[in-house]
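These are my notebook entries on a structure that I am looking up step by step. I begin with one term and then work through the entries in order.

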Amino acid sequence: MATGDFHLHSTASDGVRSPTWVMETAAANGVRVLALTDHDTTEGLAEARAAADVAGLRLIPGIELSVDLDGTDAHLLGYGFDVDDEPLQAYLSEQREGRVGRMKRMVRVLGEHGVTIDAGRVQEIAGEASVGRPHVARALVEAGYVESVAEAFNTWLGDGKPAHITRDRLTPAEAIALLHEAGGVAFIAHPVYLGNDYAAKVGELAAMGLDGVETYYKYYDEETVAAHEALSEALGLGRSGGSDYHGLGNPNDREIGDIPFPDEAVEEFVAFLSSRGAHSLAQAGAV
């Protein structure tokens, strides 16, 4: 297990476990420093902070933002920002409202294909969380249309599938600037999802002010990690790592901390954040 994990989701967005559970499980797995990176919300951070304090963890403010990169849905991980930054919180509020509208459009499209689920039920599954595609997927599983969340994405909700509905997103440059103005840094999440030309796209992002690359991702093999290390070195970018934990039971899922993230790389990432003046919600349990 790694001592750091900087890509984690909770019930504040589309994860199935509470922020407290995520912190407690991370500590039990040997993680000492981490970031909760829920989609378009920081609502889980206060609870996570309290649990991290009890568990002796160092919690770094985190978030995952969706951006439009030349028509491709790309995800940026923000770290070390001021959680109370007003422009950031105003944007997040708009995004959460937009997610509700998108969910309702997904439900309508599914109905047009003879797949009937209730938008109210999707909202119940999401609870107070920022509603997203995994909540729709869980409603599809519950209704018996698919057997798993993964099948729901592969059949209906994934990129290019019948019920994949896009929403208004910032450009990468806008999102990077938003995070920088809030005192944080921006890393590209799981670059391989950008396609075979991901290296070129990361280069474009670097020119926009990107700070780092998620290099030590859950299922990366040694060759893929080495390629990401070389890419970050060539572009002068920092390196993060994460399990992208949601608890959904999809193929290639990993437990918290079960990632190819060497201890020295964890220490380098924390030092990188410190060099950028990143905020930390809990200082106990430093690596």
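This is a predicted model: local features need pLDDT of at least 70, side-chain atom pairs count only at pLDDT 80 or more; totals for chains, interfaces and linings use all residues.

I looked up Glu124 and found it exposed, because its relative accessible area is 56%, whereas Arg121 is partly exposed, with a relative accessible area of 30%. The side chains of Glu124 and Arg121 meet in a salt bridge, with N and O 3.0 Å apart. Both residues belong to helix α4 (residues 119–126), where they sit 3 residues apart, about one turn of the helix.

Entry two, salt bridges elsewhere. How many salt bridges does the structure hold? I find 10 of them in the structure. One of them joins Arg169 to Asp73, with the closest N and O atoms 2.8 Å apart. Arg169 lies in the loop between α6 (149–157) and α7 (172–181), while Asp73 lies in strand β4, so this pair ties together parts that are 96 residues apart in sequence. Arg169 is partly exposed at a relative accessible area of 22%, and Asp73 is also partly exposed, at 23%. I also note that Asp68, Asp73 and Arg169 are linked in a network of salt bridges.

Entry three, one more pair. Asp159 forms a salt bridge with Arg133, and the closest N and O atoms are 3.2 Å apart. Because Asp159 lies in the loop between α6 and α7 and Arg133 in helix α5 (residues 133–142), the pair ties together parts that are 26 residues apart in sequence. Are the two partners buried or exposed? Asp159 counts as exposed at 51% relative accessibility, but Arg133 counts as buried at 14%.

I traced 7 strands that form an open sheet in the order β1-β2-β3-β4-β5-β6-β7, with mixed pairing. The edge strands are β1 (4–8) and β7 (238–242), each of which pairs on one side only. On average, neighbouring strands of this sheet are turned by 35 degrees against each other, direction ignored. Within β5, Val185 stands opposite Tyr79.

Technical notes
Residues are numbered from 1 along each chain as its sequence is written. Side-chain values use heavy atoms; hydrogens and water are left out. Two strands pair if DSSP finds at least two bridges between them. Helices (H or I, at least four residues) and strands (E, at least two) are DSSP runs, numbered from the N terminus. Axes are lines fitted to C-alpha atoms, for helices over the stretch in contact, and angles run from 0 to 180 degrees between N-to-C directions. A salt bridge is a side-chain nitrogen of Lys or Arg within 4 Å of a carboxyl oxygen of Asp or Glu. Buried means under 20% relative accessible area, exposed over 50%, partly exposed in between (1.4 Å probe, protein chains only).
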